[in-house]
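Q: Please take a close look at the aromatic side chains in this structure. A connected account of their pairing and surroundings would be welcome.

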Amino acid sequence: LAQLPEGPGSSGPRRGLAAVTGGGAWYDAIGDNEALAPDLQQMRAATEDTGRFTVAITLDTNLLVEGDFVATYVDSDGNAATGSAVFGGADHAVGILGRTGPDVVGAFRWNGVAFEPAGLPSLESFAAGSTDEVWRIRASDMGILPGVAVGLEFATLYEGIYATYFDFAPEPGAPTFRFPAGALSAPPPPP
């Protein structure tokens, strides 16, 4: 988990610059997607002492095509009663839309009825290797605080001409994935 993928232009994992302060990893059954939806396989999330919140989603391939969509639903305050009841109390969502050309990433905020677009300028997304889609954001942009049991749910879909295909993790009806957010700033130097 400490070796989450880095973004474009990086020279590999950061060493000595950031520490993972909280995180988790979860798995989904390989091949349980409905035919054409990208197959969720592994999901990792972490908070760092730099204040970043990073999510890496391993799919059967990160070569998303027109009609593919990968979503992460984030219960950022740890309170299932304040967000979307369908997605484990999610207060925010991040979606990656497959396009001809560069994929498009967007952030959404729960308004009590539906998710609406949210301008979160620190959000960035990139592909890593041949299977990972990664996004990261300043944790404070989503209201994530140290010690909160952040909840995550994931979904993919492919919308074709005749049908829409899905994959979910956790599976519908299963408990939301959770991990305790860690410190979001570096500890002070010793005296």
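**Aromatic pairs and the nonpolar core**

A: Across the whole structure, a search finds 10 aromatic pairs, defined as rings of Phe, Tyr and Trp (its six-membered ring) with centres within 6.5 Å, where planes under 30 degrees apart are stacked, over 60 edge-to-face and the rest tilted. One of them joins Tyr73 and Phe115 in a tilted arrangement, at 5.7 Å centre to centre and 55 degrees between the planes. This pair links distant parts of the chain, since Tyr73 belongs to strand S4 and Phe115 to strand S7 (residues 115-117), 42 residues apart; strands are DSSP E runs of at least two residues, numbered from the N terminus. The model is predicted, so local features need pLDDT of at least 70 and side-chain atom pairs pLDDT 80 or more, whereas totals for chains, interfaces and linings use all residues. Numbering starts from 1 along each chain as its sequence is written, and side-chain values use heavy atoms, without hydrogens or water.

Tyr73 is buried, at 12% relative accessible area, whereas Phe115 is partly exposed at 25% (buried is under 20%, exposed over 50%, partly exposed in between; 1.4 Å probe, protein chains only). Phe115 also pairs edge-to-face with Trp110, at 5.0 Å centre to centre and 65 degrees between the planes.

Elsewhere, Trp26, Phe53, Trp135, Phe154, Phe177 and Phe179 form one aromatic cluster. Phe53, Trp135 and Phe154 are also among the residues touching the most other members of the largest nonpolar core, which has 31 residues; such a core is a set of buried Ala, Val, Leu, Ile, Met, Phe, Trp, Tyr and Cys residues joined through side-chain atoms within 4.5 Å.

How values were computed
Helices (H or I, at least four residues) and strands (E, at least two) are DSSP runs, numbered from the N terminus.
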